[in-house]
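Visitor: Hi, I'm new here and would like a quick tour. Could you show me what we're looking at?
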Amino acid sequence: MRRRTSGRTGTAGALVAVAVAALVTGCGIRTTSVPVDAGAAPSRVPCSVPGDAATGGTVQGVPVRVFLVCGSQLETVDRRSPLPEEKAGGDPVRMARGLLAQLLAEPSESERAAGFTTAVRGPLSVDGGRGGDPAGTLRLSRQPEDLTPTALAQLVCTFAESSAGAGDHTALLGGPGPYPPKRYRCTTELRERPESSPPTAPPVTPAPTRATPVPTAG
């Protein structure tokens, strides 16, 4: 006489299937029979303004280049400053003031669409150095260390790569306090990581003046 086992076998198989499913669920693995659409990959901002839109629709003014924030880095944007052309290149302080005004201004519509922002906030002004400062010093109305690292990086690179700089991709910046200016460098690393502190180098100290000897009575 043959015993029927098909019912028991089917029941055992169902129990095994339930146990496996419970084990998978307990491990945090979610089973699915349909493909999961994770969505499109995030798009990157272009960080590039069309040539005809870079000047804000105007052709007047002196061409200048400023550093804005785009994609967590510093990128250059070409603009036109309303500075008189005959005074722009020969007066570093006037150039620095014009560049600062560009950094304080909100990016244009085309610049915002390309992903550009600025971290420089007012009130902020710039003036020339005072007595005892090395040549090429620019004094801000706030201590450079009090600015956010990104804002300071924008100022350093914008000044350093213009006629307002102190040469060799550097800018000599000080504040209103009785502290000597620092020579900040605009490096590739700073442009790639503007949230870091700008590197500095020893400033050029003015050569001591030689006293004129007083003639003695013979």
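This is a predicted model: local features need pLDDT of at least 70, side-chain atom pairs count only at pLDDT 80 or more; totals for chains, interfaces and linings use all residues.

Visitor: Thanks! Which strands does helix H5 lie across, then?

Guide: Helix H5, made of residues 149–160, lies across S4, S5 and S6. Its direction is at about 125 degrees to S5.

Visitor: And what about helix H3, where does that one lie?

Guide: Helix H3 covers residues 92–104 and lies across S3 and strand S4 (137–140). Relative to S3, helix H3 runs at about 175 degrees.

Visitor: OK, let's look at the sheet. What is the order of its strands?

Guide: The order is S3-S4-S5-S6-S7, which makes an open sheet of five strands with mixed pairing.

Visitor: Which strands stand at the edges?

Guide: Those are strand S3 (126–128) and strand S7 (200–201). Each has a single partner strand, so one side of each is left without a neighbour in the sheet.

Visitor: How do S5 and S6 pair?

Guide: Strand S5 (residues 170–174) and strand S6 (residues 182–185) pair in the antiparallel sense, with four bridges. To find a spot on screen, look for Leu172, which stands opposite Arg183 in S6.

Visitor: New topic: how many disulfides are there?

Guide: There are two disulfides in the structure. If you number the bonded cysteines in sequence order, the pairing reads 1-2, 3-4.

Visitor: Tell me about Cys47. What is its partner?

Guide: Cys47 is joined to Cys70, and their sulfur atoms are 2.1 Å apart. This pair links distant parts of the chain: Cys47 is in the loop between helix H1 (6–26) and strand S1 (62–70), while Cys70 is in strand S1, 23 residues apart. The link of Cys47 and Cys70 is left-handed, with -95 degrees about the S-S bond.

Visitor: Is Cys70 buried or exposed?

Guide: Buried, because its relative accessibility is 2% and the cut-off for buried is under 20%.

Visitor: And which cysteine does Cys157 join?

Guide: Cys157 is joined to Cys186, with an S to S distance of 2.1 Å. Here too, distant parts of the chain are linked: Cys157 is in helix H5, and Cys186 is in the loop between S6 and helix H6 (188–192), 29 residues apart. Both Cys157 and Cys186 are buried.

Visitor: Why is the disulfide of Cys157 and Cys186 called right-handed?

Guide: Because the torsion about its S-S bond is about 100 degrees.

Key:
Residues are numbered from 1 along each chain as its sequence is written. Side-chain values use heavy atoms; hydrogens and water are left out. Two strands pair if DSSP finds at least two bridges between them. Helices (H or I, at least four residues) and strands (E, at least two) are DSSP runs, numbered from the N terminus. Contact means heavy atoms within 4.5 Å. Axes are lines fitted to C-alpha atoms, for helices over the stretch in contact, and angles run from 0 to 180 degrees between N-to-C directions. A disulfide is a pair of cysteine sulfur atoms within 2.5 Å. Buried means under 20% relative accessible area, exposed over 50%, partly exposed in between (1.4 Å probe, protein chains only).
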